[in-house]
Amino acid sequence: MTDALKRLSDEGVAIWLDDLSRKRITSGNLAELIDQQHVVGVTTNPSIFQKAISSGDGYSPQLADLAARKVTVEEAIRMITTADVRDAADVLRPVFDATGGQDGRVSIEVDPRLAHHTVPTIAEAKQLAWLVDRPNTLIKIPATKAGLPAITEVIGLGISVNVTLIFSLERYREVMDAYLAGLEKAKAAGLDLSEIRSVASFFVSRVDTEIDKRLEKLGTDEAKALKGKAALANARLAYQAYEEVFSSDRWSALDKAGANKQRPLWASTGVKDPAYKDTLYVDELVAPGTVNTMPEATLQATGDHGQITGDTIAGTYAAAQADLDALGALGISYDDVVQLLEDEGVEKFESAWNDLLKSTEAELARLAPSEG
């Protein structure tokens, strides 16, 4: 291990792990990552839980109890996932206390089948916050059109939120607007704004995956020269938008009332293309006040050979805009790409959730006691 993870942390990037399982908690692995590899938070999503629960490690006793109680499969999944998040939150509590509530956070997502429904999303967020019952939880709400008013309402209730599945710069600005509107509601209700936290999960690698595919199809030298540039350009321009919004007069009024900035979180930072360096989306997205949530493989790669050379976002905005403009000049529609990625993101999480429902239902049936 190099000290790259420490350098990253020293640059103001919070290192979060994009994974959770019961085995990771009970084995002491999560505590070890916090202690030795500068991990200060955890994110989960339906795909992560589907993989963890389907692997079976450590879930059978609770599943047997749930089967004996004849709970519905939806209730079983919520009991299992909130138990993991609660336990992980307890492991991270010292970090939460040491950072004044900024880090030491664990995220749990609303049912992805609700992504296009505002009122049920709000109700689910309230229920999850109540079920987990830990101050260092973030409720994940997708940045769909229906998700935006839900974000405002949930923040307005004083519940901390991780906004997920952000791909476009326009939608990111809408997310920040929804956060500020939520803080204004909370302030009007007399809530303590310093207790409310939020991150905005801006997805990275999937942008390159989709745009590189289109560049490859074009096949020209000009197109090939742009491969691997879109995701970084998009994320860097997102940080520019963050700097603008959180230096505005509107923010200043909330800042004076004790509010916290909504930090940009780089999500989907595992490199999909083996032609690219496996720490690309860590090394090249270093800026103060950000979070990078990494799959364990990316975390280990960064610790082993990451090259952290200071802020790699400052001063890049003109070049980043030029890269996106060049893609447009080649006929690649930015709006089309980001909408496709949002739609696919919701579909992937919904599919993982449905797989989780099926596998959990089968386990409940297998473990159900005979009558009597």
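Which residues line the largest cavity?

Modeller: Bear in mind that this is a predicted model, where local features need pLDDT of at least 70, side-chain atom pairs count only at pLDDT 80 or more, and totals for chains, interfaces and linings use all residues. Residues are numbered from 1 along each chain as its sequence is written, and side-chain values use heavy atoms, with hydrogens and water left out.

Now the cavity (on a 1 Å grid over the protein atoms alone, a set of points where a 1.4 Å probe fits but cannot get out). The count comes to one cavity of 30 Å³ or more, and the largest has a volume of about 30 Å³; that volume is the space filled by probe spheres set on the points, which are joined across faces, edges and corners. Its lining (residues with an atom within 4 Å of a point) is made of Thr44, Asn45, Pro46, Phe49, Arg78, Ile108, Glu109 and Trp353. Helix H4 (46-55) and strand S3 (105-109) each supply at least two of the lining residues. Helices here are DSSP runs of H or I with at least four residues, strands are E runs with at least two, and both are numbered from the N terminus. By type, the lining splits into four nonpolar, two polar and two charged residues. Ala, Val, Leu, Ile, Met, Phe, Trp, Tyr, Cys and Pro count as nonpolar, Asp, Glu, Lys and Arg as charged, and the others, Gly among them, as polar.

Moving on, let's visit helix H8. Eight of the ten residues of H8 (147-156) are buried, so this helix is largely enclosed by the rest of the structure. Buried means under 20% relative accessible area, exposed over 50%, and partly exposed in between, with a 1.4 Å probe and protein chains only. Among the buried ones are Leu148, Ile151, Val154 and Ile155. The buried residues of H8 pack against helices H7 (118-132) and H9 (169-188) and strands S4 (137-142), S5 (161-166) and S6 (198-203). After H8 comes Gly158, with a positive phi near 90°.

Lys70 sits in the loop between helices H5 (60-69) and H6 (73-98) and counts as exposed because its relative accessibility is 61%. Ser268, in the loop between strand S7 (263-267) and helix H14 (280-283), counts as buried because its value is 11%.

Terms used: Contact means heavy atoms within 4.5 Å. On a 1 Å grid over the protein atoms alone, a cavity is a set of points where a 1.4 Å probe fits but cannot get out, and a pocket is an open set with protein on both sides within 12 Å along at least five of seven lines; lining residues have an atom within 4 Å of a point.
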